[in-house]
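Hi,

Here is the model I promised to pass on. Have a look at it first, and my notes follow below.

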Amino acid sequence: MNDDELDEIEVSALQALKRLLPNEPGILLAVSGGLDSMVLLEIFSRLQQCGRWTGPIVVAHLNHGLRGDAAKADADLVLEEAARRSFVAEVRTLEANELHEQSRGSLEESARQQRYQFLIETARKHQLAAVATAHQASDQAETILHNLFRGTGITGLRGMPEHRNLAEGILLVRPLLAWTRDELQHYSSMRSLRYCRDESNQDSRFTRNRIRNETLPLLRQTMNPQIDAALNRLGAQTGELVDCLDSLADDLLNRSSLELSSSSCRLQRLILAAAPTGLLRHMFVRLWIQLHWPRQQMTARHWHQLADAAQSHDASFTLPGAIQLQTDGSLLRLVRR
């Protein structure tokens with residue numbers, strides 16, 4: 001096989017990979033057995049065959065233990081297709097009810113956290129520097145709407161970034177974000193790919209399913225037939241603005257920092273007070289990320305409260321995660337107790 005024989009989607013994925021992973025490190029493919037992930041598996045197989053991907057490839061599949069025999073059939077398919085392509089495959093099955101016990105009210109979020117933890121552990125086991133998922137443009141549209149309905153800030157409007165740090169030394173990449181579910185379906189048909197259909201994707205109890213099966217079809221029919229593309233453009237443009245805002249916020253944090261540690265920080269309040277309120281809020285979010293402080297319970301009100309405190313010479317309050325703020329003249333202190 002030569003480059004002339006590569007499909008348009010394969011060429012696009014290769015270009016994304018070369019941009020995101022120029023050194024072609026070892027990569028872990030997250031493969032559920034569904035349409036999108038089986039397309040991802042096939043693309044990497046063909047790139048390897050034509051010599052355009054030379055790094056080690058390992059396949060990872062997590063059975064959440066929710067769908068009985070159907071989930072076992074998914075795992076069996078992934079193992080078979082990985083073996084047919086001579087890829088090493090790692091499959092893990094969660095114990096019955098394990099996901100429910102750890103869900104704390106959101107089964108979707110618990111499943112997501114378990115999946116990414118499994119991918120991190122498997123990548124480290126095989127000493128792989130990257131993880132690839134099969135998220136595509138239709139997923140992106142659903143994600144942006146989902147974030148909007150939950151009351152997201154500007155960062156949520158960017159949707160899923162093309163790449164992000166999954167863990168120390170491990171990069172998560174999404175090489176198929178430029179392609180829709182229908183386009184991947186066409187590719188699958190052309191390649192006669194085998195894949196599983198997850199009936200739980202029709203379960204309207206899950207928010208993502210309602211957005212995919214009810215909300216987006218209604219919007220396409222009554223508002224804009226190209227709503228998916230419009231949402232993806234919004235995400236791309238917002239991503240560019242967020243990157244600029246990140247840079248400005250990081251610069252402000254660096255200029256104002258006197259001390260930064262996992263348990264405390266001291267900032268020069270007078271430098272912060274001269275910054276726009278919106279930039280201050282974003283800087284504090286970046287600070288929380290940098291110090292690995294918990295953000296789950298931080299609301300818009302808390303970020304506003306932090307920005308207001310930066311402009312006050314006498315403020316004192318406690319934030320979620322037992323983080324104490326105090327301003328004293330020209331100094332702003334944050335201590336995590």
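**Helix α6 and the rest**

The buried residues of α6 are Ala137, Ser138, Asp139, Gln140, Ala141, Glu142, Thr143, Ile144, Leu145, His146 and Asn147; buried means under 20% relative accessible area, exposed over 50%, and partly exposed in between, with a 1.4 Å probe and protein chains only. Before I go on: this is a predicted model, so local features need pLDDT of at least 70 and side-chain atom pairs count only at pLDDT 80 or more, while totals for chains, interfaces and linings use all residues. Residues are numbered from 1 along each chain as its sequence is written, and side-chain values use heavy atoms, with hydrogens and water left out.

Back to α6, then. Eleven of its 13 residues are buried, so the helix is mostly covered. Helices (H or I, at least four residues) and strands (E, at least two) are DSSP runs, numbered from the N terminus. What do the buried residues of α6 pack against? They meet α2 (35-49), α7 (181-191), α8 (207-222) and α9 (227-256), where contact means heavy atoms within 4.5 Å. The length of α6 (residues 137-149) checks out as well: at 1.5 Å a residue it should span 18 Å, and its end C-alpha atoms are 19 Å apart, which agrees. The expected span is 1.5 Å times one less than the number of residues. At the start of α6, the backbone nitrogen of Ser138 has a side-chain oxygen of Gln136 within 2.7 Å. After the helix comes Gly151, with a positive phi near 85°.

Next, the sheet. It is open, has six strands in the order β3-β2-β1-β4-β6-β5, and its pairing is mixed; two strands pair if DSSP finds at least two bridges between them. β3 (88-93) and β5 (163-167) are the edge strands, each pairing on one side only. β5 and β6 run antiparallel and are joined by four bridges.

Now the cores. The largest nonpolar core has 38 residues, and those with the most contacts inside it are Leu21, Ile27, Leu29, Phe44 and Leu176. A nonpolar core here is a set of buried Ala, Val, Leu, Ile, Met, Phe, Trp, Tyr and Cys residues joined through side-chain atoms within 4.5 Å. The largest share of this core, eight residues, comes from α2. Leaving out residues up to four places away in sequence, Leu29 touches Leu40, Leu41, Phe44, Ile57, Val58, Val59, Ala60 and Ala132. A second, separate core has 29 residues, including Leu267, Ala310, Leu332 and Leu334.

Leu287 sits in helix α11 (residues 277-291) and is buried, at a relative accessible area of 0%. Beyond its neighbours within four places in sequence, Leu287 is in contact with Leu253, Leu260, Cys265, Leu267 and Leu334.

Most residues other than glycine have a negative phi. Glu24, in the loop between α1 and β1, has a positive phi near 50°. His292, in the loop between α11 and α12 (300-310), has a positive phi of about 60°. Which of these is buried and which exposed? Glu24 counts as buried at 15% relative accessibility, whereas His292 is exposed at 68%.

Cheers

Conventions. Polar contact = N/O pair within 3.5 Å; in protein donor to acceptor, adjacent residues only side chain to side chain.
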